[in-house]
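Here's a quick briefing on how one model is put together inside. Have a look at the sequence and coordinates, then go through the points below.

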Amino acid sequence: MSLVTFNCTSNDDTVIVEEAPDFSGVYMQEDQMGRPAVNTVFVSAAAKDQFNVTAPSNQSAAFQSMFQANLEGLSPAFANPGDTNALGQTSAAFTGLLATDVLNVSLDGTTTFYDGTNVLTGRALADDVITVELLLIFGGEDFTENPGLSNDHVDANDKPFLTSFPYLASPW
């Protein structure tokens, strides 16, 4: 990568300067948040830094058991062995999915976190990600268990999304 600066004038003495960005130093991944709140809730405080620098392909093997223990401790929906969420996943299967902090993207179908049919096929800007996560964690087999824990009750943005890029509304 180089930076080229120039000036559009009729002066033939214009000098072009190329400067490369300075990448000296040590850099570290600070946070992984493909699925908001997952890292925050399921990774214990002592393991946060290690989780954030672990390649996603290694996260499930390294952290699934921690995720499962924390899920079973938090959610009455997974209180008994064999209990499943609305996706039909046991705590082990669900936390195996969650421990790999990446967003899957459907290249030939609907892109959504959850739309009632499609699950974790990406994330549309308007998806209510936190409520979906709460439903999958606390809602049990049919999303009806633990209703007090299964919704964050934030159902819309305070400003509508734009219809063209950058899609996000301007801040207040």
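The largest nonpolar core has 21 residues, and Phe42, Phe67, Leu71, Phe94, Leu98 and Ile137 touch the most other members. A nonpolar core here is a set of buried Ala, Val, Leu, Ile, Met, Phe, Trp, Tyr and Cys residues joined through side-chain atoms within 4.5 Å; buried means under 20% relative accessible area, exposed over 50% and partly exposed in between, with a 1.4 Å probe and protein chains only. This is a predicted model, where local features need pLDDT of at least 70 and side-chain atom pairs count only at pLDDT 80 or more, while totals for chains, interfaces and linings use all residues. Residues are numbered from 1 along each chain as its sequence is written, and side-chain values use heavy atoms, with hydrogens and water left out.

- Helices (H or I, at least four residues) are DSSP runs, numbered from the N terminus.
- Phe94 touches Leu71, Phe78, Asn85, Gln89, Leu136 and Ile137, leaving out residues up to four places away in sequence. Contact means heavy atoms within 4.5 Å.

**Helix H5**
- H5 (residues 129–138) is largely enclosed by the rest of the structure, because 9 of its 10 residues are buried.
- Among the buried ones are Val129, Glu133, Leu136 and Phe138.
- The buried residues of H5 pack against helices H1 (38–42), H3 (56–74) and H4 (91–98).
- Just after H5, Gly140 takes a positive phi of about 70 degrees.

**Thr84**
- Thr84 sits in the loop between H3 and H4, and it counts as buried because its relative accessibility is 15%.
- Its side chain makes a polar contact with the side chain of Glu141 (3.3 Å). That term means a pair of N or O atoms within 3.5 Å; within protein, one must be able to donate a hydrogen and the other to accept it, and residues adjacent in sequence count only if both atoms are side-chain atoms.
- Neighbours within four places in sequence aside, Thr84 is in contact with Phe78, Gln89, Thr90, Gly140 and Glu141.

**Cavity**
- The lining of the largest cavity is made up of Arg35, Phe94, Leu98, Phe113, Leu120, Glu133 and Leu136. A cavity is a set of points, on a 1 Å grid over the protein atoms alone, where a 1.4 Å probe fits but cannot get out, and lining residues have an atom within 4 Å of a point.
- H4 and H5 each supply at least two residues of this lining.

Technical notes: On a 1 Å grid over the protein atoms alone, a cavity is a set of points where a 1.4 Å probe fits but cannot get out, and a pocket is an open set with protein on both sides within 12 Å along at least five of seven lines; lining residues have an atom within 4 Å of a point.
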